Amino acid sequence: MSSTRNIHVWNMLGECQPPLVPAVPCLASAQFLDMEYKEENVEVMISMNVKGTYQDTEHVKFKTLPAVRVASCIMKGGYEQMNDVTATVISWIKANGYTVSGPMFNIYHVSPAQTQNPEEYVTEVCFPIE
């Protein structure tokens with residue numbers, strides 16, 4: 001997904017009224033719904049935890065997500081590392097007898113919303129497992 005398209009998806013949260021109040025800590029994530037790697041036309045669902053209750057909008061739906069067991073790796077730095085980190089997590093899953101049980105997702109602990117310096121990004125790469 002291009003960074004321009006990615007920003008557009010996050011900006012859709014701005015259509016909520018009243019404006020969303022992020023929970024503390026605010027965990028923002030993107031779940032990649034395609035089961036195979038894709039360079040373009042990626043199907044993605046974004047989420048963040050918020051305080052309070054809100055009405056659904058055309059593009060934003062509110063729900064409580066269930067707990068899920070994951071294998072994860074925390075990556076510090078730019079997103080160009082993502083392929084290597086993803087391969088490392090998948091290798092660990094296979095080596096330890098687990099299977100992936102759903103689409104992978106990232107939790108953005110420090111993202112472009114907090115800093116313009118990619119070296120400061122902190123991303124948790126997660127794969128649901130069983």
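Asn 11 is exposed, with a relative accessible area of 53% (exposed means over 50%, buried under 20% and partly exposed in between, using a 1.4 Å probe and protein chains only). This residue lies in helix H1; helices (H or I, at least four residues) and strands (E, at least two) are DSSP runs, numbered from the N terminus. Asn 11 and Met 35 are 24 residues apart in sequence, and their C-alpha atoms are 25 Å apart in space. Please keep in mind that this is a predicted model, in which local features need pLDDT of at least 70, side-chain atom pairs count only at pLDDT 80 or more, and totals for chains, interfaces and linings use all residues. Residues are numbered from 1 along each chain as its sequence is written, and side-chain values use heavy atoms, with hydrogens and water left out.

**The sheet**

- Five strands form an open sheet in the order S3-S2-S6-S7-S5, with antiparallel pairing (two strands pair if DSSP finds at least two bridges between them).
- At the edges sit strand S3 (44-48) and S5, each of which pairs on one side only.
- From one strand to the next, the twist averages 20 degrees; axes are lines fitted to C-alpha atoms, for helices over the stretch in contact, and angles run from 0 to 180 degrees between N-to-C directions.
- Strand S2 (residues 28-32) runs antiparallel to S3, joined by five bridges, and Gln 31 stands opposite Met 45 in S3.

- In strand S7 (residues 122-128), seven of the seven residues are buried.
- Both faces of S7 are covered: one side carries Val 122, Glu 124, Cys 126 and Pro 128, the other Thr 123, Val 125 and Phe 127, and all are buried.
- Strand S5 (residues 70-76) is joined to S7 by seven bridges in an antiparallel arrangement, with Ser 72 having Cys 126 as its bridge partner.
- Strand S6 (residues 105-110) also pairs with S7 in the antiparallel sense, over five bridges, and here Asn 106 stands opposite Val 125.
- Helix H2 (residues 82-95) lies across S5, S6 and S7, running at about 35 degrees to S7 (contact means heavy atoms within 4.5 Å).

**The second largest pocket**

- The second largest pocket holds about 1,100 Å³ of space; grid points are joined across faces, edges and corners, and a volume is the space filled by probe spheres set on the points.
- A pocket is an open set of points on a 1 Å grid over the protein atoms alone, where a 1.4 Å probe fits, with protein on both sides within 12 Å along at least five of seven lines; lining residues have an atom within 4 Å of a point.
- Of the 36 residues that line this pocket, Met 45, Ile 46, Ser 47, Met 48 and Leu 65 lie nearest its centre.
- S3 gives the largest share of the lining, five residues.

**Loops to look at**

- Gln 17 and Pro 18 are joined by a cis peptide bond with omega of about 0 degrees, and Pro 18 is found in the loop between H1 and strand S1 (21-22).
- Another cis peptide bond joins Val 24 and Pro 25, with omega of about -5 degrees; Pro 25 lies in the loop between S1 and S2.
- Asn 41, in the loop between S2 and S3, counts as exposed at 67% relative accessibility.
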